[in-house]
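Colleague: I would like to go through the contact between the chains and one of the pockets. Please give the criteria as we go.

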Amino acid sequence: VRSASQPDRPRLRDVLWLGVAVAGGVMCITLLSLGMRSVMDIGGACADGGPYVSARPCPNGTAPAMFLGSFGLFGFGALGMVFGARVGSPWGAFPLFGWSLLFGVLGWNFLQYGWLNPPEGQGVELGFLVPGIMFEVMAIVPLLFMASALWALRGYRRPAGAPSVEGSSAPPRVPAAYRRERTEAVSPSFAAMEARQATAAAGSSVARDPARRAALSGIDAAMAAALAPTPGAAGATAAGAADATATPDFQEGTQSLLDRLERLGDMRARGLLAADEYETAKDAVLRELEARE
Amino acid sequence: MTIPRALVPLIVLGAAALGVAAGIWLFGVFSGG
């Protein structure tokens with residue numbers, strides 16, 4: 001955990017462990033490379049142990065070098081990732097360069113022995129040249145990916161006190177335009193639903209559907225009855241606001257108008273009213289409310 | 001104890017150089033040279 005007052009200063013202990021991991025990893029790659037060269041010096045293959053006497057025993061030291069080199073890489077790689085992450089971006093990803101270093105170095109050995117500087121009396125050796133090229137490709141292609149990732153992260157530094165990626169429970173902030181585009185791409189029905197809503201808002205579906213038209217005319221009748229001026233409201237306008245608003249009759253009338261507004265909203269929400277129908281009805285109720293005040 | 005972030009690349013580079021030296025030395029030890 002980094003100190004909040006010094007968010008940009010890594011701890012010496014973490015940096016030293018990262019150093020141990022880097023030194024160990026590089027040591028392993030060096031051992032592998034030297035072991036490989038010593039085997040290639042005697043033709044590229046050797047054997048030890050077993051019940052037979054090998055025609056080409058391995059050079060001294062190759063076996064421990066190869067063993068330590070290959071297995072040590074895993075251990076030092078893990079160590080480097082843990083302490084690299086503690087040191088902070090981008091050091092957590094630094095051990096990944098070990099891959100490119102390993103294949104770059106071993107591929108170089110292949111190229112040197114098979115093509116650039118073959119042993120005495122030997123021409124270009126395809127058996128070394130082909131793996132050499134392959135190893136170099138394996139080294140360089142990930143480097144390109146990592147370079148582009150580092151380029152994308154240039155100048156990025158997590159703000160002091162902000163949670164790290166692995167510690168954060170909140171989803172990342174996604175631009176609204178991108179989210180919308182993705183939603184439409186993932187769910188075509190979302191776009192279709194929006195189109196339907198736009199049509200409904202235009203109010204054109206009423207004329208096409210007889211059942212709906214009948215239902216609406218029933219609603220119209222109910223609305224007409226509801227909107228008829230109540231005696232209380234008429235009395236209020238005639239007698240003056242100050243006295244009339246205090247009567248229970250007046251308050252009851254206002255409440256019923258508010259109830260009507262609420263019912264209209266419900267009907268709109270359930271799709272019984274199109275947008276313009278709702279607006280017309282709502283305006284009528286509001287006008288009556290205004291007349292009362 | 002904390003250190004300035006600018007020192008991290010230097011320490012890592014130094015460690016890498018140390019690793020090469022250690023690898024060469026260790027291979028010498030293994031091959032009995």
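Colleague: How much area do chain B and chain A bury between them, and what makes it buried?

Modeller: About 2200 Å², 75% of it on carbon and sulfur atoms. Buried area is the accessible area (1.4 Å probe) lost when two parts are put together, summed over both, so the value covers both chains. The side of chain B that touches chain A has 15 nonpolar, 4 polar and 1 charged residues. Nonpolar here means Ala, Val, Leu, Ile, Met, Phe, Trp, Tyr, Cys and Pro; Asp, Glu, Lys and Arg are charged; the others, Gly among them, are polar. This is a predicted model: local features need pLDDT of at least 70, side-chain atom pairs pLDDT 80 or more, while totals for chains, interfaces and linings use all residues. Residues are numbered from 1 along each chain, chains are lettered from A, and side-chain values use heavy atoms, without hydrogens and water.

Colleague: How many residues are in contact?

Modeller: 20 of chain B with 30 of chain A. Contact means heavy atoms within 4.5 Å.

Colleague: How many salt bridges does the rule find across the interface?

Modeller: The rule finds 0 between chain B and chain A. A salt bridge needs a side-chain nitrogen of Lys or Arg within 4 Å of a carboxyl oxygen of Asp or Glu.

Colleague: What is the class make-up of the lining of the second largest pocket?

Modeller: 20 nonpolar, 6 polar and no charged residues. α2(A) gives the largest share of that lining, 8 residues.

Methods
Helix = DSSP H or I, 4+ residues; strand = E, 2+ residues; numbered from the N terminus.
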